[in-house]
Amino acid sequence: MKKKNMTVSRYFKRYLKRCVTGPVSLVMGLSVTLKYFFNPKRIVTEQYPENKKTLKMHPRYRGRLEMIEDAEGNNKCTACGMCEKACPNASINVLATKNIAGKKVLGRYEYHFGSCTQCGLCVEACPFGAIRMSQAFEVATTDPTSLDMILNKKEGQG
């Protein structure tokens, strides 16, 4: 009988502990809510449709892929294909061509946004820093053909 009383007292101690820790955790959670309620300057929620014009995404946000161009409109891509190899689901096709001098240059840079997971592995793999993830966040469409893009403006640069 002594063993049965020990288990009952153990359960009773657990029950009492939970009765104390439960309300304490509730008060801790509510304190965070009350801090934001009385100090609205600390709120980080963006009021999306209303502040659409001034909304800036966080620097680490990964949108669709885009090519970096200089002031003359030329990109840094050398058609090495490292981004294409790094892409886990073949969302990138780098089609190289040769210029007049016989040097390998970028012909077309095809990007299939519909199958892209926006993992950023292509950006990390690019040795020349020729591509980046854009800050564009409104990319919804009803036309699936608009998700296949050619990112380089001029073909055969170099």
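Tutor: Begin with the surface. The chain exposes about 12100 Å², of which carbon and sulfur atoms supply 60%. Accessible areas come from the Shrake-Rupley method with a 1.4 Å probe, and for residues only the protein chains shown count as cover. This is a predicted model, in which local features need pLDDT of at least 70 and side-chain atom pairs count only at pLDDT 80 or more, while totals for chains, interfaces and linings use all residues. Residues are numbered from 1 along each chain as its sequence is written, and side-chain values use heavy atoms, with hydrogens and water left out.

Student: What percentage of the 158 residues count as buried?

Tutor: Buried means under 20% relative accessible area, exposed over 50%, and partly exposed in between (1.4 Å probe, protein chains only). Here 23% of the 158 residues are buried.

Student: How does the radius of gyration of the chain stand against that of a compact globule?

Tutor: The radius is taken over C-alpha atoms, and the globule rule is 2.2 Å times the number of residues to the power 0.38. For 158 residues a compact globule would come near 15 Å, but the chain has 28 Å. Along the principal axes, the C-alpha atoms fill a box of roughly 95 × 45 × 30 Å.

Student: Which domains does the assignment give?

Tutor: Domain bounds come from an automatic or database domain assignment. In this chain, the assignment gives domain 1 (8-42) and domain 2 (65-150). Their C-alpha centres lie 50 Å apart.

Student: How many helices and strands are there?

Tutor: Helices (H or I, at least four residues) and strands (E, at least two) are DSSP runs, numbered from the N terminus. The chain has three helices and five strands, in the order α-β-α-β-β-α-β-β along the sequence.

Student: What share of the contacts with a separation of 6 or more comes from residues 24 or more positions apart?

Tutor: Contact means heavy atoms within 4.5 Å. Among contacts with a separation of 6 or more, residues 24 or more positions apart account for 69%. Take A86 in helix α2. Leaving aside neighbours within four places in sequence, A86 is in contact with L121, C122 and A125. The C-alpha atoms of A86 and C126 are separated by 9.0 Å, with the two residues 40 apart along the chain. A86 counts as partly exposed, at 23% relative accessibility.

Student: Is S134 buried or exposed?

Tutor: S134 is buried, because its relative accessible area is 4%. S134 sits in the loop between β4 (131-133) and β5 (148-150). Not counting residues up to four places away in sequence, S134 touches Y61, R62, G63, R64 and E66. The C-alpha atoms of S134 and S9, 125 residues apart along the chain, are separated by 61 Å.

Student: Where is A90, and what is its phi?

Tutor: A90 lies in the loop between α2 (82-86) and β2 (92-98). Its phi is near 55 degrees, a positive value in a residue other than glycine. A90 counts as exposed, since its relative accessibility is 51%. Q118 is not a glycine, yet has a positive phi of about 55 degrees. Q118 is placed in the loop between β3 (104-112) and α3 (121-125) and counts as partly exposed at 27% relative accessibility.

Student: How many side chains are positive and how many negative?

Tutor: Lys and Arg count as positive and Asp and Glu as negative; His and the chain ends are not counted. The place of a charge is taken as NZ of Lys, CZ of Arg, CG of Asp or CD of Glu. The chain has 26 positive and 13 negative side chains, and the centres of the two sets lie 22 Å apart.
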